[in-house]
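Hi everyone, thanks for coming. Let me put the structure up, and then I'll talk you through a few parts of it.

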Amino acid sequence: MKLVLASKNEKKLAEMNDILSHLGIEVCSEAEAGVDLEVEETGTTFEENSLLKARAVMEASGLPAIADDSGLCVDCLNGAPGVYSARYGGGELSDEERYRLLLNNMRGQMTRAAKFVSVITCCFPNGDVLSARGECPGTIAYAPMGEGGFGYDPVFFVPELKKTFAQLAPDEKNAISHRGKALEAFKEKLEEYLNGM
Ligand code: IMP
């Protein structure tokens with residue numbers, strides 16, 4: 001089965017294929033499906049934005065479409081940047097400028113608990129919708145560490161592993177990440193759904 005990923009993020013595409021290929025599912029890019037959409041994320045929850053993106057790409061491509069809406073929620077910032085993670089500090093900032101802004105906004109904070117959240121939604125052309133959520137708890141480091149991953153990975157520290165997400169190999173990150181957990185939950189729902197067809 002082929003799903004179109006409602007995102008232009010190549011790293012997300014790779015992470016999804018790593019996890020879903022075991023189910024015989026191929027996730028292709030919007031470009032491969034001949035779609036080029038900028039879906040406005042007008043929702044205030046990960047669930048709403050995930051649905052908005054998946055539905056728009058399913059309608060434009062005529063194929064089942066999968067979206068991940070994800071972000072970083074920091075306790076001492078009342079859950080910010082949350083659904084605004086990709087736009088935190090403005091759309092024009094680089095990933096590095098964005099996580100440095102986060103570190104600045106947390107200067108002097110000793111309580112550094114945070115979590116990554118991912119909500120995966122898949123919309124089918126017949127109107128069916130499957131959705132799953134995953135969370136990964138951690139803390140925000142005092143300085144960036146590691147070169148891997150993307151986004152806030154260099155400052156997201158996993159205490160059990162004593163490493164940031166950016167210091168983990170892709171397999172290690174997928175095994176514990178918010179997206180890995182959401183995709184595992186999604187995989188189970190999809191298997192049930194496909195068996196019931
Ligand atoms: P989305 O594409 O609207 O879901 O934006 C999610 C944003 O949250 C990304 O642009 C990143 O800034 C951040 N984010 C989500 N997942 C991750 C991750 O696994 N590592 C680092 N940052 C992430």
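Let's start with a pair: the axes of α1 and helix α5 (residues 178-195) come within 10 Å of each other and cross at roughly 45°. Axes here are lines fitted to C-alpha atoms, for helices over the stretch in contact, with angles from 0 to 180 degrees between N-to-C directions. So α1 is oblique to α5, given that under 35 degrees is roughly parallel, over 145 roughly antiparallel, 65 to 115 roughly perpendicular, and the rest oblique. Touching residues include Met16 and Ile19 of α1, and Leu183 and Phe186 of α5; contact means heavy atoms within 4.5 Å.

Quick background: this is a predicted model, where local features need pLDDT of at least 70, side-chain atom pairs count only at pLDDT 80 or more, and totals for chains, interfaces and linings use all residues. Numbering runs from 1 along each chain as its sequence is written, and side-chain values use heavy atoms, leaving out hydrogens and water.

Helices (H or I, at least four residues) and strands (E, at least two) are DSSP runs, numbered from the N terminus. Which residues of α2 are buried? They're Phe46, Asn49, Ser50, Lys53, Ala54, Val57 and Met58. Buried means under 20% relative accessible area, exposed over 50%, partly exposed in between (1.4 Å probe, protein chains only). Those α2 residues pack against β1, α1, β3 and β4. Just after α2, glycine 62 has a positive phi of about 75°.

Last stop: serine 7, in the loop between β1 and α1. Serine 7 counts as buried because its relative accessibility is 15%.
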